[in-house]
Amino acid sequence: GLEKLFSVTYGKYHRTEFRMKSHYGKYSIYRWDFMGDERTSKTLAKGLSKEEATGMMKLLEGAEYE
């Protein structure tokens, strides 16, 4: 009973996360959209310095709460 209830509830759940990843000293920013158990990814920026990437992450995370 509960499994069926939760699968219906979580199937409609949508959230967005922003991720910062480094590769050889350069940083990329990704947007992950979750819809139920599916994830889509979009690259927002590539080739950033750590300072630029950190600043962009702060802006993106701040925009989520407004």
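Biologist: Hi! Which residue of strand 2 stands opposite Met 20?
Modeller: Met 20 stands opposite Ile 29 there. Keep in mind that this is a predicted model.

Biologist: Okay. And what does Glu 17 stand opposite in strand 2?
Modeller: That would be Trp 32.

Biologist: How many bridges hold strand 1 and strand 2 as a pair?
Modeller: The two strands pair over 10 bridges, in the antiparallel sense, with strand 2 covering residues 26-35. Their hairpin has 2 residues between the strands, and Tyr 24 takes a positive phi near 55 degrees in it.

Biologist: What does the sheet look like?
Modeller: The sheet is open and has 3 strands in the order 1-2-3, with antiparallel pairing. Strand 1 (14-23) and strand 3 (38-48) are the edge strands, each pairing on one side only. On average, neighbouring strands are turned by 20 degrees against each other, direction ignored.

Biologist: Switching topic: how many aromatic pairs are there in the whole structure?
Modeller: The search finds 1. Trp 32 and Phe 34 form that pair, edge-to-face, at 6.3 Å centre to centre and with 80 degrees between the planes.

Biologist: Is Trp 32 buried or exposed?
Modeller: Trp 32 is buried, because its relative accessible area of 11% is under the 20% cut-off.

Biologist: And Phe 34, why does that one count as buried?
Modeller: Phe 34 has 15% relative accessibility, so it counts as buried too.

Biologist: Nice. Which residue lies over the face of Phe 34?
Modeller: Arg 15 does, at 4.1 Å from the ring centre.

Biologist: What about the face of Trp 32?
Modeller: Over that face lies Arg 39, at 4.1 Å from the ring centre.

Key. Residues are numbered from 1 along each chain as its sequence is written. This is a predicted model: local features need pLDDT of at least 70, side-chain atom pairs count only at pLDDT 80 or more; totals for chains, interfaces and linings use all residues. Side-chain values use heavy atoms; hydrogens and water are left out. Two strands pair if DSSP finds at least two bridges between them. Helices (H or I, at least four residues) and strands (E, at least two) are DSSP runs, numbered from the N terminus. Axes are lines fitted to C-alpha atoms, for helices over the stretch in contact, and angles run from 0 to 180 degrees between N-to-C directions. Rings of Phe, Tyr and Trp (its six-membered ring) pair if their centres lie within 6.5 Å; planes under 30 degrees apart count as stacked, over 60 as edge-to-face and the rest as tilted. Buried means under 20% relative accessible area, exposed over 50%, partly exposed in between (1.4 Å probe, protein chains only). A charge sits over a ring if NZ of Lys or CZ of Arg is within 6 Å of the ring centre and within 35 degrees of the ring normal.
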